[in-house]
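Dear colleague,

Please find below the structure that I promised to pass on to you.

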Amino acid sequence: AVPLLVTPGSEQVYRTIQRDGQMAALEAIGATVLANACGPCIGQWKRSDVKQGETNSILSSFNRNFPARNDGNPETLSFIGSPEMVVAVALSGRLDFNPMTDTFTTADGKKVKLNPPPKADAIPKKGFAFTKEGYLPPPTGATVEVRVDPASKRLQLLKPFSKWDGNDFVKLPLLLKAKGKCTTDHISPAGVWLKFRGHLDNISDNMFTGAINAYTGDAGKTMNQLTGLKGESIPAVARDYKAKGLRWVVVGEENYGEGSSREHAAMSPRFLGAAAIIVKSFARIHETNLKKQGVLPLTFTNAADYDKVKETDKISLLDLKTLAPKSTVNAVITHADGTEDKIQLAHTLTADQIGWFKAGSALNLLAGHA
């Protein structure tokens with residue numbers, strides 16, 4: 001009754017359902033089986049059934065439904081359900097359809113009640129279909145030069161981040177104090193931006209564009225402490241700080257960085273000058289990604305210290321030479337009137353991860369750029 005899109009989780013799954021008949025069964029009821037890719041889950045889906053900004057509802061069995069996540073439209077109400085419920089609703093065309101009790105009417109006027117789905121095998125009886133098609137083994141015994149067109153907007157060779165200079169971070173400007181949920185989609189939106197995922201400079205123009213400013217409630221906007229201008233684009237302000245040789249700090253709330261594990265949510269802040277992210281708590285994978293990029297992920301030992309941070313503040317992170325596993329970091333919040341708040345910050349860095357920070361990133365250390 002409504003469009004039904006099906007995304008296999010891998011090429012192995014795609015070939016298995018093709019072999020065992022599930023694909024044919026889905027297509028027989030009008031479903032479109034997509035290629036093995038992230039697709040609508042991360043907004044790589046060009047919709048033709050609604051216009052941008054038009055309020056509508058979708059039902060998805062993907063495990064992400066942040067605003068504008070699936071199709072780039074903030075007016076799409078995205079509900080999460082099981083695969084079975086998604087198919088049942090697609091057959092009926094109604095969100096209030098209850099397959100346990102309700103019937104729906106087919107195009108030829110027939111009333112249909114769905115049978116409960118049988119219990120599926122945990123593993124296909126014939127095993128998973130497997131192919132090496134598309135796999136190219138790496139060359140051996142040869143020097144490989146990777147060439148990228150300097151004018152390319154989609155590809156860019158990575159350059160090593162600078163290593164830590166051994167000094168404390170003193171009076172760094174606050175780039176953003178994020179309010180509420182700040183997911184990887186808020187930090188580095190997907191969708192149309194993914195065409196730049198091979199170009200760190202270009203994709204960094206989306207950095208924090210979905211994050212909510214705690215002082216204004218606006219998304220993607222902040223104050224430039226150098227000019228005093230408010231309502232400025234966060235990436236633009238970060239680039240201004242970077243051009244002036246300034247590192248900066250972001251402050252956030254609970255479970256900061258939840259969502260997908262995309263590296264750009266850590267790489268873009270590092271590229272544009274992040275020294276530290278200070279929050280009430282981190283989502284585990286994003287915290288690790290920040291460590292890998294040489295950004296200090298720190299948490300308030302007293303969550304109420306979040307409220308002490310003001311829009312015009314500068315933050316100092318001191319005694320970093322003594323940084324060690326299970327240690328605390330002394331921080332000073334310097335307010336515009338010259339008063340200060342001294343606070344304690346915690347971290348979960350291991351000895352190896354502290355080595356990543358000192359080298360500038362984990363990749364620097366592995367590649368010998370430390």
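The notes below take up the cysteines, a surface patch and a pocket.

This is a predicted model, in which local features need pLDDT of at least 70 and side-chain atom pairs count only at pLDDT 80 or more, while totals for chains, interfaces and linings use all residues. Residues are numbered from 1 along each chain as its sequence is written, and side-chain values use heavy atoms, with hydrogens and water left out.

A search of the whole structure finds zero disulfides (pairs of cysteine sulfur atoms within 2.5 Å). The cysteine sulfur closest to that of Cys 38 belongs to Cys 41 and lies 6.3 Å away, which is too far for a bond. Cys 38 is partly exposed at a relative accessible area of 45%, whereas Cys 41, at 14%, counts as buried (buried means under 20% relative accessible area, exposed over 50%, and partly exposed in between, with a 1.4 Å probe and protein chains only).

Leu 77, Phe 79 and Leu 95 make a nonpolar surface patch of about 280 Å². Of these residues, Leu 95 is partly exposed, with 49% relative accessibility.

The second largest pocket has a volume of about 570 Å³, and of the 25 residues that line this pocket, the closest to its centre are Lys 159, Pro 160, Phe 161, Leu 200 and Phe 271. The elements that give two or more residues to the lining are α7 (264-271) and α10 (362-367), and α10 gives the most, with five residues.

On the terms used here: patches are made of residues with over 30% relative accessible area and no salt bridge, with like charges joined within 9 Å and nonpolar side chains (Val, Leu, Ile, Met, Phe, Trp, Tyr) within 5 Å. A pocket is an open set of points on a 1 Å grid over the protein atoms alone, where a 1.4 Å probe fits, with protein on both sides within 12 Å along at least five of seven lines, and lining residues have an atom within 4 Å of a point. Helices (H or I, at least four residues) are DSSP runs, numbered from the N terminus.

Best regards

Notes:
Areas by Shrake-Rupley, 256 points an atom, 1.4 Å probe, with all protein chains shown as cover. Salt bridge = Lys/Arg side-chain N within 4 Å of Asp/Glu carboxyl O. Points joined across faces, edges and corners; volume = space filled by probe spheres on them.
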